[in-house]
Amino acid sequence: MKILYFDCFAGASGDMLLAALLDAGASEEFVREELAKLPLTDYELQLTRVVKKGISALNVTVDVAEDKQPHRHFKDIAAMLQNCGLTPEVMEMSLGIFRRLAEAEGKVHGKEPEAVHFHEVGAVDSIVDIVGIAAALFSLGADRLYSSALHTGSGFVRCAHGELPVPAPATLELLNGFPAYSRGIETELLTPTGAAVLTTVAEFSHLPAMTVTGNGYGAGKKDLPMANLLRVIVGETKEKSAYVTEKAVVLEANIDDMNPEFFSYITGKLFDCGALDVTLQPVQMKKNRPGTMISVLTKAEHAEDLAQILFSETTTLGIRRFKADKLMLPRRRQEVETEYGPVRIKIAELNGEIINAAPEYEDCRNLAEKTNTPLKTIYQAAQNAWNQQIK
Ligand SMILES: O=C([S-])c1cc(C(=O)S)c[n+]([C@@H]2O[C@H](COP(=O)(O)O)[C@@H](O)[C@H]2O)c1
Ligand code: NI
């Protein structure tokens with residue numbers, strides 16, 4: 001299993017993270033190809049080598065032509081990311097990071113995330129950093145991402161709003177639930193973009209046990225009493241990744257006062273707007289009322305939209321929202337030939353061994369309709385064909 005560890009002893013910013021990942025072996029060509037898909041002009045991504053306290057590191061600078069950039073709200077940036085043809089994994093990770101950033105900025109400024117305005121130059125810088133980081137992570141193909149606790153810095157920082165305390169309010173909002181510290185160095189070490197990336201993609205821990213196979217250093221812009229660097233440590237463990245882990249969000253509500261006929265319509269709408277799964281369970285609620293618990297599994301970037309649907313379409317007054325890890329067995333499909341036609345078999349593996357193989361229901365159903373044969377006969381024929389094949 002391949003591991004990446006972000007060692008953030010001098011904090012983290014978008015530029016430092018991208019530089020460290022490239023220095024650790026991410027493909028610059030792939031990163032530039034993904035960035036070229038964005039409809040952004042008048043910026044340049046520059047990579048230079050610098051030395052910080054005697055350590056050679058990569059320095060990333062996004063040069064933006066200040067006067068040529070339109071104003072961008074989060075909803076414009078989200079639409080841009082979704083519609084420019086990015087590799088799906090890069091798009092989903094970038095959108096998830098940007099959404100967290102917009103939610104944090106929105107909370108600080110008292111606005112809805114969609115309405116958060118990213119200042120012109122900052123918007124391009126953040127988009128390039130975030131999409132570049134997602135592309136670099138995709139190219140490195142690590143199974144698990146970890147980060148050290150985050151060094152924030154202290155004092156004050158000057159920005160568009162005037163002088164703000166460090167950690168900046170958006171950074172502090174992003175740090176909710178994550179380990180952070182300051183050693184009294186009076187400067188901003190952790191930026192909102194750096195915090196958004198790490199708190200979205202990484203688990204926080206000390207360096208996990210692994211065989212170290214590489215490293216990379218990304219430079220910060222300021223000169224500090226210590227080396228202003230972010231270090232990525234690459235490693236391998238013998239353990240094979242038994243399953244794929246994805247971050248997900250669960251939304252839940254208990255409903256006891258709605259016409260049950262509505263559930264089918266609402267479930268369809270939730271699936272159309274990004275639900276990965278919707279389940280309904282009978283529950284016994286307070287005052288001895290029978291009710292229904294609706295539970296929606298989704299990716300973080302769709303959670304707000306789906307919560308809106310639950311509020312507007314059901315009678316619930318509240319929603320429980322949890323972050324969840326979705327563990328999935330690696331799966332693949334293989335076609336078998338039956339006397340009725342071809343059927344795909346869905347195969348799940350654990351540690352390289354097949355532990356589940358089931359005929360694809362839709363294929364069986366189509367053949368049952370086409371050949372006017374009982375569904376159970378087709379299903380059995382597909383199972384027999386698969387058993388023959390693995391013998
Ligand atoms: O301009 C805005 S809206 C702004 C808000 C905040 C808050 O914390 S609120 C902070 N900042 C500062 O801007 C720079 C750039 O941060 P990046 O993450 O885009 O690199 C940084 O110094 C923030 O503290 C700006
Ligand atoms: Ni602002």
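Please find helix α10. Arg 365 and Glu 369 both sit in this helix, four residues apart, which is about one turn of the helix. Before going on, note that this is a predicted model.

Arg 365 and Glu 369 form a salt bridge, with the closest N and O atoms 3.6 Å apart. Is each partner buried or exposed, or something in between? Arg 365 has a relative accessible area of 36%, so it is partly exposed. Glu 369 has 55%, so it is exposed.

The N to O distance here is 2.9 Å. Asp 363 has a relative accessible area of 13%; buried means under 20%, so Asp 363 counts as buried. Arg 344, at 33%, is partly exposed.

Arg 144 in strand β6, residues 144–147, pairs with Glu 203 in strand β11, residues 203–204, and the two are 59 residues apart. Their closest N and O atoms are 3.1 Å apart. Arg 144 is partly exposed at 24%, and Glu 203 is partly exposed at 28%.

Now the nonpolar side chains. In soluble globular proteins, these tend to be buried together. The largest nonpolar core here has 68 residues, and those that touch the most other members are Phe 6, Leu 21, Leu 38, Phe 98, Phe 118, Leu 230 and Val 232. Helix α5, residues 120–140, gives the largest share of this core, with 12 residues. Another core lies apart from it, with 17 residues, among them Val 278, Ala 303, Leu 306 and Ile 309.

Which residues does Leu 21 contact, once neighbours within four places in sequence are left aside? They are Leu 4, Phe 6, Ala 26, Ile 133, Ala 136, Leu 137, Leu 140 and Val 232.

The structure also has three aromatic pairs. Phe 98 is in helix α4 and Phe 118 in strand β5, 20 residues apart. Both are buried.

Some nonpolar residues are at the surface instead. Tyr 243, Leu 327, Leu 350 and Ile 355 form a nonpolar surface patch with about 360 Å² of accessible area together. Ile 355 lies in strand β20, residues 353–359, and is partly exposed at 47%.

To end, the whole protein. How many helices and strands does it have? There are 11 helices and 20 strands. The C-alpha atoms fill a box of roughly 75 × 55 × 40 Å along the principal axes. Buried residues make up 48% of the 391 residues. The accessible surface is about 19,700 Å², and 50% of that belongs to carbon and sulfur atoms. Of the contacts between residues at least 6 apart in sequence, 70% join residues at least 24 apart.

Note on methods. Residues numbered from 1 in each chain as written. Chains lettered and ligands numbered in written order. Predicted model: local features only at pLDDT ≥ 70, side-chain atom pairs only at ≥ 80, totals over all residues. Heavy atoms only, no water. Patch = residues over 30% accessible without salt bridge, like charges linked within 9 Å, V, L, I, M, F, W, Y side chains within 5 Å. Areas by Shrake-Rupley, 256 points an atom, 1.4 Å probe, with all protein chains shown as cover. Salt bridge = Lys/Arg side-chain N within 4 Å of Asp/Glu carboxyl O. Buried < 20%, exposed > 50% of the residue type's maximum accessible area, 1.4 Å probe, protein only. Core = buried A, V, L, I, M, F, W, Y, C linked by side-chain atoms within 4.5 Å. Contact = heavy atoms within 4.5 Å. Phe/Tyr/Trp six-rings, centres within 6.5 Å; stacked < 30°, edge-to-face > 60°.
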